[in-house]
Amino acid sequence: MTTLHEPAVATTDALSVWPASTTEQHPGELAVGGVQLAGVAERFGTPVYVLDEAEVRERCRTYRHAFPEADVVYAAKAFLCRAMVHWVEEEGLGLDVCSAGELELAVTTGFPPEKIVLHGNAKSPRDLETALRLGVGRIVIDGPSEIARLAAAVGPEGHQKVMVRVIPGISAGGHAKIRTGTDDQKFGLSIADGYAQHAIARILDQPQLELTGLHCHLGSQITSVKPYLSAVRRMVGLMARLYDQYGLALSELDLGGGHGIAYRPGEPALDLTTLARKVRTELTEACAAAGLRVPRLVIEPGRAIAGPAGVAVYHVLAVKRTGSHTFVAVDGGMSDNPRPALYGVRYAPRLVGRHSTAAQAPVTVVGRHCEAGDVLAADVELPADVRPGDLLAVPVAGAYHLSMASGYNMVGRPPVAAVADGRARLLVRRESLDDIRSRDVGL
C-alpha cells in the first residue's frame, strides 16, 4: 500500500481518481458500486450525488491499518449524513464535529458521544450546551474566552476533557484560504507569542476542566509529509516546556487532518503509509529526546475518506460557443459545489451514459447560476459533440460539495444516493420548492 487510493480492480489512468469499484464494461457506460451512473440519474434525477459505500469503508480501514496505535477521527465537516455516521462508527473511527447540528445528528443516529471531538473557533452557547448535555468526549479550546465560558457551563461539580488548539507556525496546504497552521488566520492559539501557554495556564486553574492534550491543524490538501514532521517537533517541544513548568504529562497529541487527494489523474496525493511511518518515528524520537512518554496520537481525516468516494452527476442544459470558447452548462453549479469559486480547484468531468466517437475538444463546464464565477471545470477535454441532454459525471465529489451547499437562486440542494453491491438507495432526498417555501414565514 503506497497511497490512500489503491484500486480493488484494475482501472485505466483516466479512471484513477474514481472510486475503486468503477467499471466501464462498454464505452461510456460507467458504473460505480455495480450501478450504472446513467441509471442513478434516471431514477433520482439530476443533479445527484453518488456515494460509494465500499470506498468509504475501505478508506476508513486503510487509516485504521496505517495508524493502529492512534485514534482516527473522521472530520464530519467534509460530509455528514446518518449513513455516513453509521459507516464511520462501524469501521471503528471517532468523529470530529464543528457545531451542535453535526453533534446532534451523530448522537441521535447512535454514535457514542465519548468518541466525538468538538471543534470551532467561535463555539456558540448552544454548541457548548449541547456538547455538555450529550457528553462529548473532547472539546478543543480555540481561544481564551472559551475557557471561562466552558468552565462556567460545566459547573463546579462537573468535569470535561479538553484539548487546546495550537498554532505551530507552519505554512502548508493547497491554497491560501485553506492554510491554518500560521499566525495570520483565525484558528488556534500561537506558540510564538505565548498565547497558547497562557491559555494552558488558565485551563490548569479550572479543576473541572481536564487538559488531555494539544491539537493542531496545518491546513488542507497537504501532499507532503514534511509539514507534519515539523508539527510533531514543535508540538513535542511545547509539551516538554509544559512538563518542565507544571509537571504536566499530556497524554494526547492531535495532528488534525488535511491529507491531500488527487482530483485529476496524475495529481499528487499524500502517501499515507509514509506519513504513518515517519510521524510514528518522529514522535517517538522527539519524546525520547525530551524525556517524555509518547502521547496517544489522534488524526482527523475528512476529505481523504469522503472525497474520492463521491461522484456528482449532472445533465447538460446548454452548449454555447462564443468566439474561441465553448461553454457546457449543467443543471447544478456553485450552489452544490462552491469549491472552484472559492479555491480554484480543478476537476476532470466525463461524459457518461453514451459513447461518443467525436474528437476531444476544450470546453468550460459551467453551472446554471446567475454568477460569472459559477464555473465547475475550466478548460477540460470533452467530446466535441457534447449536447443538451447528455450526462456529465464529476469524480472526487464526496467532500466539501454538499456540506458547503447553499440556497443560491433557490435551486434546491441535490439528493445523495449510496451504491453498493449493484444496488442504489437514497440517503438524503432532494430539497424541494416546498422545503424552501416552508422556511419563509412572513409577508
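Modeller: Before we look around together, one term: a residue is called buried when its relative accessible area is under 20%, and exposed when that value is over 50%. Please also keep in mind that this is a predicted model.

Colleague: Thanks! Let me try that out: is C216 buried or exposed?

Modeller: The relative accessible area of C216 is 0%. The limit for a buried residue is under 20%. C216 therefore counts as buried.

Colleague: And is C370 buried or exposed?

Modeller: For C370 the relative accessibility is 67%. A residue has to be over 50% to be called exposed. So C370 is exposed.

Colleague: Staying with the cysteines, how many disulfides are there?

Modeller: A disulfide needs two cysteine sulfur atoms within 2.5 Å. Take C216 as an example: the closest cysteine sulfur is in C287, and 13 Å is too far for a bond. By this rule the number of disulfides is zero.

Colleague: What is phi of M410 near?

Modeller: M410 sits in the loop between strand 19 (391-395) and strand 20 (416-420). With a relative accessible area of 58%, M410 is exposed. Its phi is positive although the residue is not a glycine, and the value is near 50°.

Colleague: What about D421, what is its phi near?

Modeller: You will find D421 in the loop between strand 20 and strand 21 (423-428). At 78% relative accessibility, D421 is exposed. D421 is a residue other than glycine with a positive phi, near 55°.

Colleague: On to the helices. Are helix 8 and helix 9 roughly parallel or roughly antiparallel?

Modeller: The axes of helix 8 (residues 226-246) and helix 9 (residues 272-290) come within 9 Å and cross at roughly 25°. Angles under 35 degrees count as roughly parallel. Helix 8 and helix 9 are therefore roughly parallel.

Colleague: How many charged residues are in the contact of helix 8 with helix 9?

Modeller: Helix 8 brings Y228, L229, V232, R233, V236 and A240, which meet L275, K278, V279, E282, L283, A286, C287 and A290 of helix 9. In this contact eleven residues are nonpolar and none are polar, while the number of charged ones is three.

Colleague: Is the crossing of helix 4 and helix 5 left-handed or right-handed?

Modeller: Helix 4 (residues 100-109) and helix 5 (residues 125-134) have axes that come within 9 Å and cross at roughly 25°. That angle makes helix 4 roughly parallel to helix 5. As for the hand of the crossing, it is left-handed.

Colleague: And how many nonpolar residues does the contact of helix 4 with helix 5 have?

Modeller: From helix 4 come A100, L103, E104 and V107, and from helix 5 come R126, D127, T130, A131, R133 and L134. Sorted by class, one residue of this contact is polar and four are charged, and the nonpolar count is five.

Colleague: Does helix 2 pass helix 3 in a left-handed or a right-handed crossing?

Modeller: Helix 2 (residues 53-66) and helix 3 (residues 82-90) pack at about 35°, with their axes 9 Å apart. E53, V56 and R57 of helix 2 meet M84, H86, W87 and E90 of helix 3. The contact has three nonpolar, one polar and three charged residues. Its crossing is right-handed.

Colleague: How far is S21 from A309 in space, C-alpha to C-alpha?

Modeller: S21 lies in the segment before strand 1 (23-24), and is partly exposed at 25% relative accessible area. Beyond its neighbours within four places in sequence, S21 is in contact with A31, V32, G33 and D52. S21 and A309 are 288 residues apart in sequence, yet in space their separation is 9.7 Å.

Terms used
Residues are numbered from 1 along each chain as its sequence is written. This is a predicted model: local features need pLDDT of at least 70, side-chain atom pairs count only at pLDDT 80 or more; totals for chains, interfaces and linings use all residues. Side-chain values use heavy atoms; hydrogens and water are left out. Helices (H or I, at least four residues) and strands (E, at least two) are DSSP runs, numbered from the N terminus. Buried means under 20% relative accessible area, exposed over 50%, partly exposed in between (1.4 Å probe, protein chains only). Axes are lines fitted to C-alpha atoms, for helices over the stretch in contact, and angles run from 0 to 180 degrees between N-to-C directions. Angles under 35 degrees count as roughly parallel, over 145 as roughly antiparallel, 65 to 115 as roughly perpendicular and the rest as oblique. Contact means heavy atoms within 4.5 Å. Ala, Val, Leu, Ile, Met, Phe, Trp, Tyr, Cys and Pro count as nonpolar, Asp, Glu, Lys and Arg as charged, and the others, Gly among them, as polar. A crossing is left-handed if the near helix is turned anticlockwise from the far one by less than a right angle, and right-handed if clockwise.
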